[in-house]
Amino acid sequence: MMTLQTPVKPVLSDPMLPTLYRVLRVRRDTADTFSIDIAPADGGNCLSFAPGQFNMVYIFGVGEIPISISSDPAESGPLVHTTRAVGTVTQAMAELRAGDVVGVRGPFGTAWPVEAARKKDVVLVAGGIGLAPLRPAMYRILAERDSYGKVVLLYGARTPSDMLYRKQLEQWRAHFDLDIFVTVDRASGSWRGNIGFVTKLIPRAPFDPRSTVAMVCGPEGMMRYSAQELEKRGVRAENIYLSMERNMKCAIRVCGHCQFGPMFVCRDGPVFRYPAIRALMDKQEV
């Protein structure tokens with residue numbers, strides 16, 4: 001049975017004690033999405049992480065939020081976190097400048113099964129900002145491309161202007177051994193690509209469902225329908241992995257805010273095998 005990759009455990013003696021990181025750069029990705037590059041304030045090494053894991057990022061005087069790490073896990077630094085400015089903390093984060101200091105706890109959570117997916121086809125299905133948590137998995141797969149079969153990225157954004165990492169998508173498209181498909185919900189102007197939900201790309205994507213591992217990240221509705229389409233295509237449910245985000249507050253299973261049936265998203269996730277959460281995905285509160 002394929003299992004989740006063993007995550008990198010936090011090295012802090014006190015998991016509630018943040019390490020100080022200095023902001024190197026904040027750059028706008030889309031109208032409401034940005035990436036923040038950070039490095040240890042003491043000049044030391046950045047923490048190690050596995051693709052799919054997240055950090056708790058603390059903006060002093062404002063609050064703390066969980067954000068998936070979107071940088072290359074093989075790089076020594078800086079750490080990159082991509083998020084959308086939708087709340088008090090993320091709005092304050094968007095206003096940070098180079099030289100500011102934030103607190104970081106982590107890494108936490110389970111990882112994408114990039115090691116277990118070796119010798120298999122890999123399908124990454126991303127919706128909106130869900131591409132950010134999947135980007136480290138793509139980095140890891142590309143670093144050892146010969147170890148995998150077909151590699152397919154299906155990415156859906158609301159509009160062309162909402163697409164993340166546009167330059168990087170073009171770079172990936174230039175790889176002859178990658179299949180990159182992008183679609184938007186709504187298009188205007190010069191867009192000549194696919195229009196429609198990302199789930200519409202699954203039936204015609206080039207992979208062998210009998211030997212495919214699928215990693216899916218995005219809004220819960222998108223992930224639910226993507227998992228259903230993948231199953232229709234013939235991908236076994238136990239080979240489908242989803243990354244959940246539900247009310248994580250402490251990241252160490254103390255506060256209980258992210259309880260998800262008998263599980264906790266912060267400890268047992270955020271990456272889950274689909275059969276483990278299938279029955280819970282239609283429920284707002286469990």
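Is M16 buried, exposed or partly exposed? In this predicted model, where local features need pLDDT of at least 70, side-chain atom pairs count only at pLDDT 80 or more, and totals for chains, interfaces and linings use all residues, M16 is partly exposed, with a relative accessible area of 41%. Residues are numbered from 1 along each chain as its sequence is written, and side-chain values use heavy atoms, with hydrogens and water left out. On this scale, buried means under 20% relative accessible area and exposed over 50%, with partly exposed in between (1.4 Å probe, protein chains only).

M16 sits in the segment before β1 (19-28); strands (E, at least two residues) and helices (H or I, at least four) are DSSP runs numbered from the N terminus. Not counting residues up to four places away in sequence, M16 touches R105, C250 and I252, a contact being heavy atoms within 4.5 Å. From the C-alpha atom of M16 to that of V152, 136 residues apart along the chain, the separation is 38 Å.

Next comes the loop between β1 and β2 (33-40), where D32 is found. Leaving aside neighbours within four places in sequence, D32 is in contact with T83, R84, A85 and R158. With R84, the side chain of D32 makes a side-chain polar contact (3.5 Å). Such a contact is a pair of N or O atoms within 3.5 Å; within protein, one must be able to donate a hydrogen and the other to accept it, and residues adjacent in sequence count only if both atoms are side-chain atoms.

A nonpolar core is a set of buried Ala, Val, Leu, Ile, Met, Phe, Trp, Tyr and Cys residues joined through side-chain atoms within 4.5 Å. Of the 36 residues in this core, those touching the most other members include L154, V216 and L230. Beyond four places in sequence, the residues touched by L154 include V123, F181 and V198. Apart from this core lies another, of 32 residues, among them V114, A126, M163 and M215.
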